[in-house]
Amino acid sequence: MKKDGNRVIVSVCSRCNSEKVSEPLRRRVSKQLKIGLMTMSEVDFQEVRCMAACSRPIAVGISGEGKSGYLFGDIKTSEDVVGLLEFLKEYQEKQNGWTNSKERPKVLRNKIVARIPAGFL
């Protein structure tokens, strides 16, 4: 069960524009995430200038104090956003945030760019 004060931050790259994705697609993904997060408590949304995942746009990071962080790439569809929202619920429940690939929603399993140990954040 999640503890009080267990705030999670969802970060979306605001610069993910390339031949692979368009600005309208990036804005749509951000909007879908914001709407989905409205029903969740203790989650903050932010757009960040760059997350250095340019080869796998659209990049979304998930982090929490004292927890492993995750960077996902190639987030482009509504199904991907639903997978992120499902993952966030699980992530909030885990004290250290650590998950293996089989614990993550299937749609996200090939979208992981990095899992960052808590000590690095």
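**Close-up views of a predicted model**

**View 1. Five aromatic pairs are counted in this structure.** Rings of Phe, Tyr and Trp (its six-membered ring) are paired if their centres lie within 6.5 Å; planes under 30 degrees apart are called stacked, over 60 edge-to-face, and the rest tilted. Tyr70 and Phe72 make a stacked pair, with 6.2 Å from centre to centre and 15° between the planes. The structure is a predicted model, in which local features need pLDDT of at least 70 and side-chain atom pairs count only at pLDDT 80 or more, while totals for chains, interfaces and linings use all residues. Residues are numbered from 1 along each chain as its sequence is written, and side-chain values use heavy atoms, with hydrogens and water left out.

**View 2. Ring pairs join Tyr70, Phe72, Phe87 and Tyr91 into a cluster.** Tyr70 has a relative accessible area of 2% and is therefore buried (under 20% relative accessible area; exposed is over 50% and partly exposed lies in between, with a 1.4 Å probe and protein chains only). Phe72 is also buried, because its relative accessible area is 0%. Phe72 and Phe87 form an edge-to-face pair, at 5.3 Å centre to centre with 75° between the planes. This pair links distant parts of the chain, since Phe72 belongs to strand β4 and Phe87 to helix α2, 15 residues apart. Helices (H or I, at least four residues) and strands (E, at least two) are DSSP runs, numbered from the N terminus. Phe87 has 0% relative accessibility, so Phe87 counts as buried.

**View 3. The largest nonpolar core holds 29 residues.** Such a core is a set of buried Ala, Val, Leu, Ile, Met, Phe, Trp, Tyr and Cys residues joined through side-chain atoms within 4.5 Å. The members that touch the most other members are Leu33, Ile62, Phe72, Leu84 and Leu88. At least two core residues come from each of β1 (8-13), α1 (23-37), β3 (60-64), β4 (69-72) and α2 (78-93). Helix α2 gives the largest share of this core, six residues. In soluble globular proteins, nonpolar side chains tend to be buried together.

**View 4. Ile62 and its contacts are shown.** A contact means heavy atoms within 4.5 Å. Leaving aside residues up to four places away in sequence, Ile62 touches Val8, Ile9, Ser68, Gly69, Tyr70, Phe72, Leu84, Phe87, Leu88 and Tyr91.

**View 5. Lys111 is placed in the loop between α2 and β5 (112-116).** Its relative accessibility is 13%, and Lys111 therefore counts as buried.

**View 6. Asn6 is located in the segment before β1.** Asn6 counts as buried because its relative accessibility is 11%. Although Asn6 and Val43 are 37 residues apart in sequence, their C-alpha atoms lie 8.8 Å apart in space. Asn6 touches Glu42, Lys67 and Gln92, again not counting residues up to four places away in sequence.
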